[in-house]
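Keep the sequence at hand as you read.

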Amino acid sequence: MKLAIMGVGAVGRSVVDLAPDYGHVVTAVADSSSAAVDPSGIDVDAVFDRKEREGVVGSGDPEDALDAEYDVLVEATPTTLGDAEPGFSHVRAALERDRHAVLANKGPVAERYGDLMALERESEGTVQFEAAVGGAIPILSTIADFGPSQISAARGVLNGTANFVLSRMAAEGLGYEHVLAEAQDLGVAEADPAFDVDGTDAALKFVILSNVLSQGERVYSLEDATVEGIRDIPASALDLAAEDGRTVRLIGEATADGVRVGPRLVPQNDALAVSGTRNIVQFETVNAGQLHLSGRGAGGPETATAILSDVGRLE
Amino acid sequence: MSDSDEAVTSDAEHETDGGERPQTHTIRLELVDKPGELLSALHPIADNGGNLLSIFHERGNLTPRGHIPVEVDVECPPDRFETIVSALRDEGVNVIQAGAERYGEELTLLLVGDIVDTDLSDTLRRIESSTDATLADLSLSAPDGRGGASSARLRLATRTGRTDEVFEHVHDVADEKGLHVVEPLVEVSE
């Protein structure tokens, strides 16, 4: 397959790196201000050298990548809220040309799911977004295999940064600010950690799960979610929880009652009480009890594998 | 269950040594699915002067804790009833409901924030009075003393099926005082 990749952050770069292993050719890449296009495959080293030296990937406009020759557009620009631009327009451009779109960007799927599905209905192309929920973990493909109507609820930990902070606080008895600074040093937390520690990132993922599980019966966006972050959790709260054999995790829920994300008490030995940056999702199935999927929920190569699995499903 | 007949007769005309006519009570229990569990749960009833009228053993149906619900109808003088319930508890039997009183679930939750200076006793009193929950246990941790961020762990006993309502009220009280509530993920007790 020929891939056009929008966005060259950690995820976009990893897709470029791994695409040949999966038998795909990258015919275009674009960042926010430039593009490199070559129908026979871009020169990866030259493109990233130039990005390093000049801050651009090529001499073209980003729109050139949208107009390039490709089978699948990979949308890996940063997640934006509200109108979910420019990611949404990138996907629209692909679908209007009857090409497939694979998203790692949560914005269009969480904030404009209805619009996105309407575009897909009018197109020969298909929209896939496994990489938007839980990185490498095959969450959406498991739902597709099981059948969304066979899953009554999804719960779990889908933000590695918040989980790292809470599990370090619990293990070391350290305060929030201290552990957050450590997480920033380790590259686990961003310089501006708000998206993660305020629960927004996890909420977007559970909004997406709700959209998938409700099968169009109801469309959710971030506005519909009840979201609480972890900034206000003192170390003493984790101590008191531990005395009682429990701990606190930032847990998301996509249930018939809607989407909810917030710090919750869970037993220390509970399946959902994963430690470090690990993610986990628990499905409540109609006929088969609970199902747990766990793994790495973020990172360049991890997320790229989910993107390339989606691309594989489109072949 | 004829062996219990010796303690109390079902003859309504006959006064027992409890001094009052026996009444029928319903007790709901939770049993672990193990051989002998039912038998050992019924002993305290007979031993304390209760007359077993019927046992409804809902095998195949599970409580939220994964135990088997058992409903027992017992006839005994009113003043014996509490003794029977405590004897059952002493045997380690989980009594969910006895007579009109329901001993439902226990909820553990955390309150975090400036708990001390927002009048902890008032907070607890209001949580209890706005719901039918009772405070079963409280632990407080305020490492920075008054005024700093502190935490409290509350164990609330509440009636089965009322947990959502309890959380709603706890949130109302907490919101008013600028406190945060950390709810348990699954609202059943251990």
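Two residues count as in contact if their C-beta atoms, placed from the backbone, lie within 7 Å. By that test, 16 residues of chain A touch 17 residues of chain B. The model is predicted: local features need pLDDT of at least 70, side-chain atom pairs count only at pLDDT 80 or more, and totals for chains, interfaces and linings use all residues. Residues are numbered from 1 along each chain as its sequence is written, while chains are lettered from A and ligands numbered from 1 in the order in which they are written.

Which elements of chain A give two or more residues to the side that touches chain B? They are helix H12 (235-243), strand S9 (246-255) and strand S10 (258-267). Helices (H or I, at least four residues) and strands (E, at least two) are DSSP runs, numbered from the N terminus. H12(A) gives the largest share, six residues. By class, this side of chain A has 10 nonpolar, one polar and five charged residues. Nonpolar means Ala, Val, Leu, Ile, Met, Phe, Trp, Tyr, Cys and Pro; charged means Asp, Glu, Lys and Arg; the others, Gly among them, are polar.

S10(A) is joined by two bridges to S9 of chain B (residues 180-184), and the two run parallel. Pairing requires at least two DSSP bridges. Here A:Arg264 stands opposite B:Glu183.

Now turn to a helix pair within chain A. H1(A) (residues 10-18) and H13(A) (residues 300-314) pack at about 60°, with axes 8 Å apart. Axes are lines fitted to C-alpha atoms over the stretch in contact, and angles run from 0 to 180 degrees between N-to-C directions. That angle makes H1(A) oblique to H13(A); under 35 degrees is roughly parallel, over 145 roughly antiparallel, 65 to 115 roughly perpendicular, and the rest oblique. The residues of this contact divide into eight nonpolar, three polar and one charged.
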